[in-house]
Amino acid sequence: ATGCAGGGAGGGGGDGVITVGFAQTGSESGWRSANTESMKEAFSEANGFNLIFNAADNKPEAQIAAVRSFINQGVDAIVLAPIVTDGWDDVLKEAKDANIPVILEDRTVSASEDLYASWIGLDFKKEGETAGKWVADNFGSTPTNMVVLEGTTGSSAATDRAAGFDAAIEGTDIKVLDSQTGNFTRADGKTVMEGFLQKYGSQINLLFAHNDDMGLGALEAIKAAGMTPGTDIKIVTIDAVKDGMTALSNGEFNYIVECNPLLGEKTAEVVKKVVAGESVDKSYIVEDQAFDQEQAKKVLDSRPY
Ligand code: AHR
């Protein structure tokens with residue numbers, strides 16, 4: 001593998017060690033920290049890997065540059081958690097030309113399927129649908145004003161969650177007052193929610209946040225405005241990280257759809273197979289659960305992240 005005698009692309013380099021370049025999005029959320037940890041654990045030396053880790057601070061250009069640098073270093077495989085869906089064709093073709101397999105993790109790309117070996121991730125559309133269905137069942141027959149904190153614009157996580165959620169609330173009495181990106185971060189969730197509160201005040205009955213962190217940021221804005229989160233404004237989020245589940249158990253959130261960040265083990269297994277020339281499926285979808293307040297109280301202590 002790279003960095004060792006006889007190293008380079010194409011199958012482990014003879015020393016058995018697989019050099020993997022992992023292009024992570026950044027460190028925007030609690031989910032992302034748990035995902036990075038899961039990946040680092042699975043791609044450990046003890047497990048036969050030499051991991052080159054890059055976090056792109058959620059800047060698509062920086063992430064493309066990281067992938068290009070992995071190609072130049074002649075790694076055995078590239079794992080990519082794409083920040084956004086579009087813009088990958090050229091660099092994925094370059095990887096293919098260099099015989100370096102690319103395995104997608106977490107989010108998806110719009111590029112042709114021939115340009116990557118496999119994808120390990122979550123069904124974001126279903127996550128949105130599950131959240132939307134809960135909202136429709138609980139608030140759909142009373143006039144309800146909702147605001148939405150969207151994830152990173154152009155990411156499959158945000159696009160697909162929105163599509164699933166919107167389809168599920170169609171035909172209900174839920175009205176979307178406003179919908180803006182909070183970039184999956186706590187800080188932006190807070191700032192955007194402050195803006196919503198200034199503009200719409202007590203008209204807001206419901207918040208759908210595409211992840212826990214933005215919901216947690218919004219909590220601060222709601223409390224600062226003198227309102228009670230979970231009561232005056234109902235809050236539905238996605239992820240189910242510890243802080244989110246704590247807010248749900250405390251009654252400050254109302255419902256969370258899980259997004260499982262523990263993708264490392266499956267991804268490492270797929271990378272090993274691909275590098276060994278074995279056949280793999282084009283996609284592996286990891287199952288998610290969903291929790292209301294009572295269910296959250298029961299599982300909170302046993303959550304691993
Ligand atoms: O792509 C998964 C999403 O990215 C998570 O829901 C969010 O928290 C993260 O930043």
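Predicted model: local features only at pLDDT ≥ 70, side-chain atom pairs only at ≥ 80, totals over all residues.

Reader: What is the strand order in the open sheet of six strands?

Author: Helices (H or I, at least four residues) and strands (E, at least two) are DSSP runs, numbered from the N terminus. Two strands pair if DSSP finds at least two bridges between them. Pairing in this open sheet is mixed, and the order is 7-6-8-9-10-12.

Reader: How many bridges join strand 6 to strand 7?

Author: Strand 6, helix 5 (residues 156-169) and strand 7 make a right-handed β-α-β unit. Right-handed means that, with the strands pointing away from the viewer, the path from the first strand over the helix to the second runs clockwise. Valine 147 has aspartate 178 as its bridge partner in strand 7. Strands 6 and 7 run parallel, and the bridges number seven.

Reader: Which residue of strand 8 is the bridge partner of valine 148?

Author: Strand 6 also pairs with strand 8, in the parallel sense, over four bridges. The partner of valine 148 there is phenylalanine 208.

Reader: Is strand 6 largely enclosed or open?

Author: A residue is buried if 20 or more other C-beta atoms lie within 10 Å of its own, exposed if 12 or fewer, and partly exposed in between; C-beta atoms are placed from the backbone. Six of the seven residues of strand 6 are buried. Strand 6 is therefore largely enclosed.

Reader: At about what angle to strand 6 does helix 6 run?

Author: Helix 6 (residues 186-200) lies across strand 6 (144-150), strand 7 and strand 8 (206-209). Its angle to strand 6 is about 150°.

Reader: Which strand pairs with strand 10 in the antiparallel sense?

Author: Strand 10 (residues 255-258) has Tyr255 and Val257 pointing one way, Ile256 and Glu258 the other, and all are buried. Strand 9 (residues 234-239) runs parallel to strand 10, with four bridges. On the other pairing, tyrosine 255 stands opposite aspartate 292. That antiparallel pairing has three bridges, and the strand is strand 12 (residues 290-292).

Reader: Which residues touch the most other members of the largest nonpolar core?

Author: A nonpolar core is a set of buried Ala, Val, Leu, Ile, Met, Phe, Trp, Tyr and Cys residues joined through C-beta atoms within 7 Å. The largest one has 51 residues. A second, separate core of 40 residues includes Ala23, Ala56, Ile64 and Val75. In the largest core, the residues asked for are Val135, Leu207, Phe208, Ala218 and Ile256.

Reader: With which residues is glycine 121 in contact, leaving aside its neighbours within four places in sequence?

Author: Glycine 121 lies in strand 5 (residues 118-122). This glycine is buried, with 22 other C-beta atoms within 10 Å. Two residues are in contact if their C-beta atoms, placed from the backbone, lie within 7 Å. The contacts of glycine 121 are Glu105, Asp106, Arg107, Thr108, Ile285 and Val286.

Reader: What is phi of aspartate 239 near?

Author: Most residues other than glycine have a negative phi. Aspartate 239 is found in strand 9 and counts as buried, with 30 C-beta neighbours inside 10 Å. Its phi is positive, near 135°.

Reader: Where does asparagine 58 lie?

Author: Phi of asparagine 58 is also a positive value, near 60°. Asparagine 58 counts as buried, with 20 C-beta neighbours inside 10 Å. Its place is the loop between strand 2 (49-55) and helix 2 (60-73).

Key: Residues numbered from 1 in each chain as written. Axes fitted to C-alpha atoms, helices over the stretch in contact; angles between N-to-C directions.
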